[in-house]
Amino acid sequence: MLRYLSAGESHGKAIVAILEGMPAGINLEPGRINQELKRRQQGFGRGRRMQIEKDRCQIISGLKNGVSLGSPITILIQNKDFSIEKLKKVISPRPGHADLAGFLKYGFSDIRGVLERASARSTVATVGVGAICKIFLNQFGMAISSKVLSIGGNNSKQGMREKISEAIKMKDTVGGIFEIVVKGAPVGLGSYAHPDRRLDGRLAGGIMSIPGIKGVEVGLGFGYAEKFGSEVHDAIYYNKSKGYFHKTNNAGGIEGGISNGEDIVLYACMKPISTLVNPLESVNIITKKSSKAAVERSDICVVEAAGVVAESACAFVLADAFLEKFGGDNLKDIKLSFKNYTKRIR
Ligand SMILES: Cc1cc2nc3c(=O)[nH]c(=O)nc-3n(C[C@H](O)[C@H](O)[C@H](O)COP(=O)(O)O)c2cc1C
């Protein structure tokens, strides 16, 4: 129903995304998209690049007077640091990054050809697209948020900050875990009918596709493995005002690959950034002799920003699933279909 394509290198002219399938009639305030882009740039432990870039989008197609036309929407975010042609060669791959595998796969003579696109600068596009999807989902009472739960094994606010400060001091990096919560998702997004329609698989795939994410859990997740069924499954209740409901939410709002009306709750783990100021052992790709890995200007900890990117990836998946369920080429038709469905399932 919904698809997007992004393009752009980390130090190229711009990052661009084309979102196709958004219905007509949605008021798309660039200010709201810029707010999301700004959230992606924040968090304690970010590198100098984030001080240079002040990401702001231009919407160059798909709108008339700020309202969507149902045609492809193009978002363009210019890079302030447009220096791709002048950057130094990278010849010692960084362990943990795409450098070595990418260099061998594409046959470059310089690893820069890999890292310009493997860099998470491309997540600007995910966030731009996600912001539009969020505006759409908001029309139906859905809201997505994220929260950092732990950094380097510490879960207190103070402990997390200290861990990042320690990483900065030690010239190291650190990862962590964040949570994503979707409030207001109706029953019925996704399906058990075929593997590629399952909402849990689609959300997990969206989050796992973010650079640096190494694990996703839905609701109780790996915790399911430690308990009996009677302890974990969410009993079902009904009353006239609420309709069907659960008192617990171990399922994380998804059963049988379908949203069940409860909050959708997901967890993800972000690994420590692989560019280290104190680099690990590597190999010079020209001489094949051992050498320290390349050092690039880099972030120290991006768990908070990764949460914002993950919100956006989820917004895209949910908007797609929502359009599958409720169809329609314009917002009014979709609202009518949504209203009829809500009435029926009551
Ligand atoms: C918002 C965000 C910012 C990131 N910033 C950096 C960075 O500054 N330096 C770095 O080495 N990796 C950074 N990463 C992670 C790398 O992009 C990622 O580890 C790399 O592309 C290899 O992919 P993989 O970790 O999924 O294997 C960032 C990831 C995200 C989500």
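Before anything else I noted my terms: strands are DSSP runs of E with at least two residues, numbered from the N terminus, and two strands pair if DSSP finds at least two bridges between them.

**Entry 1: ground rules.** The model is predicted, so I kept in mind that local features need pLDDT of at least 70 and side-chain atom pairs pLDDT 80 or more, while totals for chains, interfaces and linings use all residues. Residues are numbered from 1 along each chain as its sequence is written, and side-chain values use heavy atoms, with hydrogens and water left out.

Entry 2: I began with β1 (residues 3-7) and β2 (residues 14-20), which pair in the antiparallel sense over five bridges. Together they form a hairpin with six residues between them. In the turn I found G8 with a positive phi of about 130°. For landmarks, I noted that L5 has I18 of β2 as its bridge partner, and that A7 stands opposite V16 in β2.

I then followed β2 to another neighbour, β7 (residues 73-78); these two are antiparallel as well, with six bridges.

**Entry 3: an open sheet.** Which strands form the open sheet, and in what order? I read three strands in the order β3-β6-β5, with antiparallel pairing. β3 (24-27) and β5 (63-64) each have a single partner strand and stand at the edges, so one side of each is left without a neighbour in the sheet. Between β3 and β6 (residues 67-69) I found two bridges, antiparallel, and N27 stands opposite V67 in β6.

Entry 4: Strands β11 (residues 236-239) and β12 (residues 243-246) pair in the antiparallel sense over four bridges. Three residues join them in a hairpin. I236 has H246 of β12 as its bridge partner.

Entry 5: Where does the ligand sit? I found the ligand in the largest pocket. A pocket here is an open set of points on a 1 Å grid over the protein atoms alone, where a 1.4 Å probe fits and protein lies on both sides within 12 Å along at least five of seven lines; to sit there, a molecule needs more than half of its atoms within 2 Å of the grid points.

Around the ligand (a heavy atom within 4 Å) are 17 residues, of which G212, K271, T275, S298 and D299 come nearest. By class, the shell has seven nonpolar, six polar (Gly counts here) and four charged residues.

- A polar side-chain atom of K271 is 2.7 Å from a ligand oxygen.
- An N or O atom in the S298 side chain is 2.8 Å from a ligand nitrogen.
- A polar backbone atom of D299 is 2.9 Å from a ligand oxygen.

Taken alone, the ligand exposes 630 Å², and the protein buries 86% of that (Shrake-Rupley method, 1.4 Å probe).

Methods. A polar contact is a pair of N or O atoms within 3.5 Å; within protein, one must be able to donate a hydrogen and the other to accept it, and residues adjacent in sequence count only if both atoms are side-chain atoms. On a 1 Å grid over the protein atoms alone, a cavity is a set of points where a 1.4 Å probe fits but cannot get out, and a pocket is an open set with protein on both sides within 12 Å along at least five of seven lines; lining residues have an atom within 4 Å of a point.
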